[in-house]
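Here is a short briefing on a few residues and ring pairs. Please look at the sequence and the model first.

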2 protein chains.
Amino acid sequence: MRTAAIVGTGRIGTSVGAALRARGVVTYLLDVDPDAVRVAQGQGAGTTQPPPGPVDIAVLAVPPAQVAHALAAQQGRGLARCYTDTASVKVRPQRQVAAGGCDLTTLVGGHPLVRADHDGPTVASPGLFDGRPWVLTPTGLTSGAALNTCLELVSLCGAVPVLADPAAHDGAMALVSHAPRLVAALLAARLRDVDNATLRLVGQGVRDMTRAAEGSPALWSDVLTANAHPVAEVLEALAADMTSAAGDLRRRAAIAPATPGDGDAGSEPPGDALVRLLERGVEGRGRLPRAAFEPDSGGIGHA
Amino acid sequence: MRTAAIVGTGRIGTSVGAALRARGVVTYLLDVDPDAVRVAQGQGAGTTQPPPGPVDIAVLAVPPAQVAHALAAQQGRGLARCYTDTASVKVRPQRQVAAGGCDLTTLVGGHPLVRADHDGPTVASPGLFDGRPWVLTPTGLTSGAALNTCLELVSLCGAVPVLADPAAHDGAMALVSHAPRLVAALLAARLRDVDNATLRLVGQGVRDMTRAAEGSPALWSDVLTANAHPVAEVLEALAADMTSAAGDLRRRAAIAPATPGDGDAGSEPPGDALVRLLERGVEGRGRLPRAAFEPDSGGIGHA
C-alpha cells in the first residue's frame, strides 16, 4: 500500500491517517469541513492536496448513517481502488450501500475498536489502534484484492484483524457496548433530579457505571438507531431480568423475619435466586479479558 | 472519648480501630472468630484483651442482618455507654432493634462510606474514611450524649458526619449504590455465556459498568435483601425506562429510511425521545461530585 485517502477527519480518521503516515503511506485528507482537514494536517495525518489519481484505499471515517452517501460519492468520482468504513454498526450501512447501487466488490466493512487509555474521546493519535481488534466484514461479493488491502491497512495501524459476519458483529456490539451505553445513560438520568444530600453518598460504583453516559448524545443516538433491533433485544432482556430480580427481592423481604433471633443472621437458603444471580455476575465479569490499562482494584468502595 | 470497643473485625471494624488508635483512643477488639481478632490486633487496630469496664462507645461493624443480635448481646453484658453500627442499610436493622427490646437511647445508627482508592475491598486502613461522608441516623429516642459521642467518633476517623433520616438514607443508597450494583451483576451475567469472539470486542465501557459485579455475592445478597423494597423500586423504574427506550429504538428503526439519500444522514428530528434521554444522562452524570481519585478521561473508548 502506497497511497490512502481519509474521508472524514474526526478522531478515527485523523488517527488512521497519522498511523499510515508513520509507516510511509502517502495520505490524502478529505472532509466537508475545511477547518477539520487543516487540523488533521497539522496533526501529521496527511496532506490537504487532492490525490493525483486513484489511491490504493479510501477509509470512510464517517458516522454510520453517512457511510452509504460517502461511498456512492467517492466511488462516483473514482477516488480509490478499494474502500472500507469505520462505523461501529455494520448491517444497516451495508443494506443502504446495496440499496444505493454501489459497487460492492471493492468494499470491505470495517470497525476499529480503539484504545480507551488514550487522551479522551476526541484526541487523535497514531497509537489509538495499537493491539486492539479491528473487525472486517467482507461479503461473498468482496474481491480478494480489496480484502487483502484492508488486512494490510489494519496491520499498518498496529491493530489485530478480526473477520466477522456483519449481523454477528452488530449483535455482539449491542451486548458489550451499545446497550450498556444506554443503561449508563438511564442510570445517570435518574441522578439528574436527586437532592445534594443523596449525591454526597455517591461512591465509585455508580461513578464507574455512569462514565459511559458522558459521550455525545448526537453521535450515540446515530449509533443506537443504526443498531436498533439488536440493542432493543438486549434492553428488553435486561428489563425482564430487572423485573424478575425486583420481584425476588420483594419476596425475600416478605419472608425474612422482622425481629432478630429467627435465623436471619444465618446463611441464605440453598438455591437462592438472588445469590445465584450475583454469582453469575461474578462469573460473567471474570470472563472479561483484562486490559493492560485496567485498574487493579476489585469491587466498589462501599456497600 | 478515651475507650472504644470494635465488635466485628472485618475491613470496616479494623479500619475504625486503627483510626481511633492513631488518635490515642484505647480500643478493644471483639469478634466471634478469634483468628480475625488476632489479625486485626496485628494491624494495630487495638487489643484482644477484654475491657476492664464499660467503654465510651461500641462500634458494631457487622452485616446488616446481625446488628440487632449484636446490640442485644452487648447491651446485655453492659459493654459500652453508647453504640453505633456501620451497616449500609438503616431502616430494617433499626426495626429489628426496636422489636428486640434493646435500649434505643444509647444507639445511633451509622454508615461510613469508605474511600474507593484504597487497596481493594478487603484491606483495612486507618485512612479509609478520610474526608468521606459518615451517615448518622439518630431517632427521637436517641440521647444527646450518645449522638455527641458518635460525632466525635466520626471526627476522630477523619470523616464528615451527615445526619439523615433512616428511610431517606436507604432510598438514597438504593439509587446510588445498591440498585446499580445489581444492574452491574445483571449486565455481567449476560456476558457469562457469550463466545470468545464477542469477548474480544469488549471495551472500557462495559468493563467500567461491570466492575461492581466483583463483590461478594453473600455480602451483597444480605445488603440487597435488607434494603429490598427501595432497591426493587429503583429496579422496576429502570426496567420501565429500558422497555420504553427499546420501543423508541424500534420505532426509530422503522421510520428511518433503508436507502441513503432520504435525509437519514441529517440531524435528528426535534423533540426526539432518544436524544433527550441521552442528554438527561449527560446532565445526571454532570451532577456527580468528582472524586479526587476519579480518572480524567471522559466517555468510553469506542462506539
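A residue counts as buried at under 20% relative accessible area, as exposed at over 50%, and as partly exposed in between, using a 1.4 Å probe and protein chains only. This is a predicted model, in which local features need pLDDT of at least 70 and side-chain atom pairs count only at pLDDT 80 or more, while totals for chains, interfaces and linings use all residues. Residues are numbered from 1 along each chain as its sequence is written, chains are lettered from A and ligands numbered from 1 in the order in which they are written, and side-chain values use heavy atoms, leaving out hydrogens and water.

**Aromatic pairs**

- Rings of Phe, Tyr and Trp (its six-membered ring) pair if their centres lie within 6.5 Å; planes under 30 degrees apart are stacked, over 60 edge-to-face, and the rest tilted.
- Over all chains, the whole structure holds two aromatic pairs.
- Phe129(A) and Trp134(A) form a tilted pair, because their planes are at 50°, with ring centres 5.2 Å apart.
- Phe129(A) is buried at 0% relative accessible area, and Trp134(A) is buried at 0% as well.
- Phe129(B) and Trp134(B) also form a tilted pair, with 5.1 Å from centre to centre and 50° between the planes.
- Phe129(B) has 0% relative accessibility and so counts as buried; Trp134(B) is buried, also at 0%.

**Ser15(B)**

- Ser15(B) lies in helix α1 of chain B, residues 11–22 (helices are DSSP runs of H or I with at least four residues, numbered from the N terminus).
- Is Ser15(B) buried or exposed? Ser15(B) is buried, because its relative accessible area is 0%.
- Apart from neighbours within four places in sequence, Ser15(B) is in contact (heavy atoms within 4.5 Å) with Ala124(B), Ser125(B), Pro126(B), Leu128(B) and Phe129(B).

Notes
Helices (H or I, at least four residues) and strands (E, at least two) are DSSP runs, numbered from the N terminus.
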